[in-house]
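This briefing covers one protein chain.

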Amino acid sequence: MKTMNDFRKYVEREKNKRRGAFFYNFAPDEGLLFQEEIKYLRDIYTTSFPERGFVPLNKTVRFPDELTDEQIGCYFNLIPWFRDEECEKKYLHYGNLYLLEIANLLYHEDIAGALRGMFRFRDQMNLVADNREYFMNLCDSFLIAHPDCAVQMKEYRRARGLLPYRDLWQEIRSGIFEGASMYVKSNARLLKENELSGEKEFCFHTWNAMPDVFYELDARFQGNRSEHGISFRDIATAGKEERTYLPLLPVKGIQGQSADRIPFGDGLLYLKEKGYGRPDRWYRQTWNLYDSSGDFLYIIYVYAESFMREHLRGPKRARSAARILKKNYRRNDDIPRNIRGMKAMLQDESFEKAIGKGVASYLDYHPEILQRMEREQQEKKRTQTRKRAEDSRRRREEIKEQEKKQIYEMDHEQVSTGKIDRDRLQQVKKEMDSMSGLLHEGKIGYD
């Protein structure tokens with residue numbers, strides 16, 4: 001019967017096999033190592049793991065051997081819940097490990113089934129905790145292991161707003177603005193967490209209105225290149241192409257399906273860099289915006305949110321680009337012509353008007369938003385009126401009760417409970433008797 005001690009020894013042996021002279025590591029098939037570790041642990045778990053409570057896991061792991069014995073036990077106890085697509089926020093890192101199992105075809109017989117399983121479970125996880133960065137890395141790893149799934153992968157990612165940023169850049173560059181919200185979220189440098197979350201109603205609708213805002217800005221500044229020397233699309237997409245190496249996760253591919261070049265979307269390529277004496281590395285050609293373009297996108301968001309607040313009667317937010325106009329942007333290879341054009345556009349009154357028109361267009365397309373807000377405002381007024389009437393009635397009743405109490409106290413004055421002066425009382429009684437005798441004898445008259 002295998003034990004956890006056997007598992008630790010097995011892992012150490014496998015690591016030693018891949019060490020050569022002077023302890024240099026040979027390039028291992030990490031996906032195969034992952035699969036073998038999971039299968040080894042499955043044999044142990046089915047025979048010797050007792051039921052245990054939850055053990056916290058606060059980091060991302062690549063291989064099961066990075067977990068403690070207690071964490072491994074907790075993970076295997078959670079798997080039945082994961083297979084029913086149930087997950088809680090505290091299980092996030094365990095859930096990521098389960099996603100890695102799915103990607104390694106340990107629960108599905110074919111690639112299509114594994115791909116569906118990955119996205120279905122990720123959808124469930126995203127309801128309780130955002131694992132976007134990890135899942136993006138997992139998608140890249142799965143694509144490189146299975147290059148034939150590129151079309152399906154792109155469809156799944158597009159439906160969830162998980163396309164690589166280069167794909168969004170190409171769409172914006174081409175005048176397709178459906179992904180404008182994600183594009184701004186990905187590239188606007190100064191966005192705060194509460195703005196990104198969209199928890200406030202005006203934030204939520206601002207992000208939804210972003211495509212309409214982009215269409216209006218493009219319509220206003222696309223045909224006027226000579227006016228500012230540059231168009232809206234030029235500023236919104238200005239940057240430079242850079243090579244970004246992919247932090248791949250251990251996903252095993254199918255023998256014979258490997259590739260050195262994987263096209264993915266409009267002009268986006270995954271390329272292999274062959275290693276000599278080291279593992280091969282994959283990289284993606286990414287487009288990084290200049291700082292000026294990132295700040296330009298942020299100002300678009302600020303203005304759009306300000307207009308949305310006005311329509312939804314929320315707290316006001318000033319529309320000002322003064323902070324951006326003061327910067328020179330020369331330290332980060334920004335192109336001077338782009339900077340001048342961007343600042344001129346921000347100072348053009350048509351810039352603010354176009355954003356306001358875009359927000360208004362969005363609300364025109366969705367009249368139920370303002371109608372619902374109006375109903376809520378009317379209900380709020382009715383509630384306030386009822387509350388004022390109830391408060392007034394309560395105050396009148398309190399006044400009546402006070403008046404009744406005062407009348408009662410006046411009619412039932414309490415006798416003082418202080419000490420009685422008996423000597424004084426006897427003296428008064430004698431005086432009264434003497435006075436009565438004098439009156440009786442006629443010595444004094446009543447008048």
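In helix H1, the buried residues (under 20% relative accessible area, where exposed is over 50% and partly exposed lies in between, with a 1.4 Å probe and protein chains only) are Met4, Phe7, Tyr10, Val11 and Glu14. Viewed along the axis of H1, these buried residues fall within an arc of 110°, so they line one face of the helix; the arc is taken from the directions that run from the helix axis to the C-beta atoms. The model is a predicted one, in which local features need pLDDT of at least 70 and side-chain atom pairs count only at pLDDT 80 or more, while totals for chains, interfaces and linings use all residues. Residues are numbered from 1 along each chain as its sequence is written, and side-chain values use heavy atoms, with hydrogens and water left out.

**Helix H1 and the chain overall**

- Helix H1 covers residues 4-17, and its 14 residues should span 20 Å at 1.5 Å a residue; the end C-alpha atoms are 20 Å apart, which agrees. The expected span is 1.5 Å times one less than the number of residues.
- The chain holds 19 helices and four strands. These are DSSP runs numbered from the N terminus: H or I of at least four residues for helices, E of at least two for strands.
- Of the 447 residues in the chain, 43% are buried.
- The accessible surface comes to about 26500 Å², and carbon and sulfur atoms account for 49% of it. Areas come from the Shrake-Rupley method with a 1.4 Å probe, and for residues only the protein chains shown count as cover.
- Contacts (heavy atoms within 4.5 Å) between residues at least 6 apart in sequence join residues at least 24 apart in 69% of cases.

**Nonpolar cores**

- In soluble globular proteins, nonpolar side chains tend to be buried together.
- A nonpolar core here is a set of buried Ala, Val, Leu, Ile, Met, Phe, Trp, Tyr and Cys residues joined through side-chain atoms within 4.5 Å.
- The largest such core has 63 residues, and the members that touch the most others are Phe7, Phe82, Leu138, Phe142 and Met153.
- At least two residues of this core come from each of H1, H2 (30-48), H3 (69-83), H4 (92-103), H5 (111-126), H6 and H7. H6 gives the largest share, nine residues.
- Leaving aside residues up to four places away in sequence, Phe142 touches Ala103, Ile111, Ala114, Leu115, Met118, Cys149, Met153 and Val251.
- Another core lies apart from it and has 52 residues, including Ala209, Met210, Leu346 and Ile369.

**Salt bridges**

- The count is 28 salt bridges, each a side-chain nitrogen of Lys or Arg within 4 Å of a carboxyl oxygen of Asp or Glu.
- Asp140 and Arg157 form a salt bridge at 3.5 Å, N to O. This pair links distant parts of the chain, with Asp140 in H6 (residues 132-145) and Arg157 in H7 (residues 150-159), 17 residues apart. Both Asp140 and Arg157 are buried.
- Glu310 pairs with Arg319 in a salt bridge whose closest N and O atoms are 3.1 Å apart. Glu310 is partly exposed at 46% relative accessible area, and Arg319 is partly exposed at 25%.
- Asp391 and Arg394 form a salt bridge with closest N and O atoms 2.9 Å apart. Both lie in helix H18 (residues 367-411), three residues apart, about one turn of the helix.
- Asp391 is partly exposed, with a relative accessible area of 23%, and so is Arg394, with 37%.
- A network of salt bridges links Lys387, Glu390, Asp391, Arg393, Arg394 and Glu397.

**Loop residues**

- Most residues other than glycine have a negative phi.
- Glu85 has a positive phi, near 60°, and is not a glycine. Glu85 sits in the loop between H3 and H4 and is partly exposed at 29% relative accessible area.
- Arg313 also is not a glycine and has a positive phi of about 60°. Arg313 is in the loop between H14 (291-311) and H15 (322-325).
- Pro56 is in the loop between H2 and H3 and counts as partly exposed at 48% relative accessibility.
- Pro56 and His93 are 37 residues apart along the chain, and their C-alpha atoms are separated by 9.3 Å.
- Not counting residues up to four places away in sequence, Pro56 touches Gln71 and Tyr94.
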